[in-house]
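Let's take a walk through a protein together. Have the picture open and follow along as we go.

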Amino acid sequence: MGDADQRREKRGLFELGGRVALVTGAGQGLGFSIAEALAAAGAHVILNGRQSQRLETAAAQIRRDGGIASSLPFDVAEPGEVAAAFERIVADFGNLDILVNNVGIRHRFPLADISTEDFHRVLEVNLVAAFHLAKAAVALMVPRGRGRIVMVTSIAGPLGRVNDAAYIAAKGGLAGFVRALAVEFGPKGITANAVAPGYFATETNAAMVDDPQVESFVRRRIPLRRWGDPREIAGAAVFLASDAASYINGHVLTVDGGLSASF
Ligand SMILES: NC(=O)c1ccc[n+]([C@@H]2O[C@H](COP(=O)([O-])OP(=O)(O)OC[C@H]3O[C@@H](n4cnc5c(N)ncnc54)[C@H](OP(=O)(O)O)[C@@H]3O)[C@@H](O)[C@H]2O)c1
């Protein structure tokens, strides 16, 4: 048995060889970790974001590690760009097996300081984009009778936080959207689930990671007493995208070191 066969056998139910996966917001942070792990499980990963150079660097890193990866820059909040991207996916790969929609933006301000435009923007990128992506993905998945959709939500949504109304509304809506997809497309062989991260030390959170007040909150409130490493989100995403999760549909898998389990 060759090395590749041995790796495949070891991955068992988590094997993703031959599957095509689109990961949005994959140039850095949690999206990159998810893309890296899907590729390590054998998938051909398509990395999305808007900055093509960053995506190409990230895809090259995955390829250096033996994975199969390409980049596809587009703005998930622009329906025309999403449509064009899916045309490219059909032309280049013929199908899509897995959609991981990880893009998310934050706009943390007291309610009085959030403009209508900013509130809309957060909804457009975090929630409406998921609608465009899911619609395009299921159009490819339904005729084949299978597919996996994984949305990245947040512990913010089911839980409230001061000065974060737009993000919480969008992520809470996204979790509801996942359940709607699960019931509408379950009969067509497609599962829709979410991973809900807690506190992860990503590039975007660098200032918070360095803030002693946040550090003390993390040590006091999170049972594991630390930030999540971005690589610690990947197992949940690979699991939900794999045959190991074949009967899991409409679930939001929290990955937060126990934060939302404690009070
Ligand atoms: N980090 C955490 O602790 C945490 C906690 C809870 C939930 N989450 C959620 O997890 C996800 C990832 O978090 P993160 O901290 O890793 O994110 P991030 O680094 O801030 O964002 C991921 C990527 O999204 C891309 N992006 C932003 N807007 C886009 C758009 N309109 N179209 C296409 N790509 C776009 C950005 O790349 P470009 O600039 O190249 O477009 C960015 O690299 C988000 O949904 C976030 O809300 C994170």
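Start with two helices, α5 and α6: they run roughly parallel to each other, since the angle between them falls under the 35 degrees that counts as parallel. Keep in mind that you're looking at a predicted model. The angle itself is about 15°, and the two axes sit 8 Å apart. To find the pair, look for residues 116–141 for α5 and residues 165–185 for α6. Their crossing is right-handed.

So what do these helices touch each other with? On the α5 side, the contact includes F119, L123, L127 and F131, while α6 brings in residues including Y167, L174, F177 and L181. Sort the contact by class and you get 17 nonpolar, 2 polar and 1 charged residues.

Searching the whole structure turns up 3 aromatic pairs. Take Y199 and F217: their ring centres are 5.4 Å apart and their planes meet at 40°, so this pair is tilted. The two residues come from distant parts of the chain, 18 residues apart. Y199 lies in the loop between β6 and α7, whereas F217 belongs to helix α8.

Are these two residues buried or exposed? Y199 has a relative accessibility of 14%, and because anything under 20% counts as buried, Y199 is buried. F217 comes in at 25%, so F217 is partly exposed. Finally, bring in W227: together with Y199 and F217, W227 makes up one aromatic cluster.

Technical notes
Residues numbered from 1 in each chain as written. Predicted model: local features only at pLDDT ≥ 70, side-chain atom pairs only at ≥ 80, totals over all residues. Heavy atoms only, no water. Axes fitted to C-alpha atoms, helices over the stretch in contact; angles between N-to-C directions. Helix = DSSP H or I, 4+ residues; strand = E, 2+ residues; numbered from the N terminus. Parallel < 35°, antiparallel > 145°, perpendicular 65-115°, else oblique. Left-handed = near helix turned anticlockwise from the far one by under 90°. Contact = heavy atoms within 4.5 Å. Nonpolar A, V, L, I, M, F, W, Y, C, P; charged D, E, K, R; others polar. Phe/Tyr/Trp six-rings, centres within 6.5 Å; stacked < 30°, edge-to-face > 60°. Buried < 20%, exposed > 50% of the residue type's maximum accessible area, 1.4 Å probe, protein only.
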